[in-house]
Amino acid sequence: MSQDLESQLRAALRPIAASATFEKRLIACVTDDPQHSQPKANSVGGAGWRSRARWLPVAAAACVLIGVGLQNRLQVRRERENGLEARRQVVEALRVTSQKLDLAYEIVKSQSSSFTDENPGV
Amino acid sequence: MNEAVRQFTDHELALARNGDAQALTALVLAHQRSVYSLALRMLGTRDLAEDLAQDVFMQLNRNLKSIESREHLAFWLRKVTAFRAIDQLRQRARVATTSFDEDTHLFNDADTSDPLLQRHLKLLLEELSPAARAVVLLRYQEDLDPVDIAQTLEMPINTVKSHLKRSLEFMRQETPGALSSRGEDESI
């Protein structure tokens with residue numbers, strides 16, 4: 001009790017060893033951590049495969065998204081083309097109708113003038 | 001800790017960076033006492049300390065490429081352990097207080113000094129704020145000087161000195177007649 005506080009603290013606060021079980025567990029955790037596994041150039045299985053396997057769901061999801069996007073874009077394009085075709089057909093129909101009406105008008109007009117010439121008193 | 005740090009060589013550090021299992025084992029063996037002790041004395045229970053120590057070493061494993069030297073390694077481990085322990089204590093304010101008494105191994109059993117006084121110091125350490133506790137542990141467990149403590153905890157040097165001074169004063173006041181104030185904290 002006669003020692004000063006700092007000496008007592010230093011003596012009391014020397015590092016304590018963790019249990020052997022924990023030490024083993026810690027070493028196993030650190031050495032088996034896949035984050036630290038180095039990719040090997042010629043590795044066929046193991047960490048390289050696991051790493052690729054981790055990306056598979058992401059790649060599949062990306063493919064699905066891209067597919068849906070492309071399909072959507074194609075559908076919009078197809079609908080636009082259909083609309084343009086319908087418009088073209090309507091314009092064509094109007095043009096033909098207009099021609100027919102002009103023709104009918106010309107016929108009616110010519111008949112009406114010949115009738116007036118033949119019957120000047122009417 | 002310093003002795004253990006010397007045993008872990010720069011060559012082993014380079015091997016550990018490349019994922020060498022033996023070097024990683026040596027790294028853990030060299031530093032686990034320091035990290036575990038710091039975590040245990042900060043948090044107060046063995047379970048929390050083991051969880052924290054494991055998290056710290058896992059984090060180190062993922063950041064080994066950025067560790068430049070043995071000194072940097074020791075600095076990094078102390079810093080991360082202290083910060084994470086302080087965060088935990090702030091989040092769960094009463095955990096350490098309720099569980100310190102249950103743990104009988106916060107202090108060194110092999111020590112020959114007064115066991116009653118050590119128990120008393122253990123209770124007093126528990127009364128300190130998380131930051132002050134970290135400062136005291138880095139000073140008296142890790143044997144760091146105030147400048148190193150300031151760098152580790154990212155605190156102004158005067159704050160470190162203030163924490164040390166107030167913590168020692170508090171411990172003396174709470175230990176009437178037991179301790180002389182010889183030296184008047186010359187080391188601070």
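Chain A of this predicted model contains three helices and zero strands. Read from the N terminus, the elements of chain A follow the order α-α-α. The chain has 122 residues, of which 11% count as buried.

**Helix pairs**

The table gives their axis geometry.

| Helix pair | Axes come within | Crossing angle | Hand of crossing |
|---|---|---|---|
| α2(A), residues 20–32, and α3(B) | 9 Å | roughly 140° | right-handed |
| α9(B), residues 146–153, and α10(B), residues 157–173 | 8 Å | roughly 110° | right-handed |

The axes of α2(A) and α3(B) cross at roughly 140°. This angle makes α2(A) oblique to α3(B). On the chain A side, the residues that meet α3(B) are A:Glu23, A:Leu26, A:Ile27, A:Val30 and A:Thr31. Their counterparts in α3(B) are B:Ala21, B:Leu24, B:Thr25, B:Val28 and B:Gln32. By residue class, the contact of α2(A) with α3(B) comprises six nonpolar, three polar and one charged.

Within chain B, the axes of α9(B) and α10(B) cross at roughly 110°. The two helices are therefore roughly perpendicular to each other, since angles of 65 to 115 degrees fall in that class. Helix α9(B) contributes B:Pro146, B:Val147, B:Ile149 and B:Ala150 to the contact, while α10(B) contributes B:Ile157, B:Val160, B:Lys161 and B:Leu164. Seven of the residues in the contact of α9(B) with α10(B) are nonpolar, none is polar and one is charged.

**Nonpolar core**

The largest nonpolar core has 55 residues. Within this core, B:Ala39, B:Leu43 and B:Ala53 touch the most other members. Helix α3 of chain B, residues 21–43, supplies the largest share of the core, with 13 residues. Helix α3(B) is also the partner of α2(A) in the contact between the chains.

B:Val80 is part of helix α5 of chain B, which spans residues 70–91. B:Val80 and B:Thr152 are separated by 72 residues in sequence, and their C-alpha atoms are 8.8 Å apart in space.

How values were computed:
Residues numbered from 1 in each chain as written. Chains lettered and ligands numbered in written order. Predicted model: local features only at pLDDT ≥ 70, side-chain atom pairs only at ≥ 80, totals over all residues. Axes fitted to C-alpha atoms, helices over the stretch in contact; angles between N-to-C directions. Helix = DSSP H or I, 4+ residues; strand = E, 2+ residues; numbered from the N terminus. Parallel < 35°, antiparallel > 145°, perpendicular 65-115°, else oblique. Left-handed = near helix turned anticlockwise from the far one by under 90°. Contact = placed C-beta atoms within 7 Å. Nonpolar A, V, L, I, M, F, W, Y, C, P; charged D, E, K, R; others polar. Core = buried A, V, L, I, M, F, W, Y, C linked by C-beta atoms within 7 Å. Buried ≥ 20, exposed ≤ 12 C-beta atoms within 10 Å, placed from the backbone.
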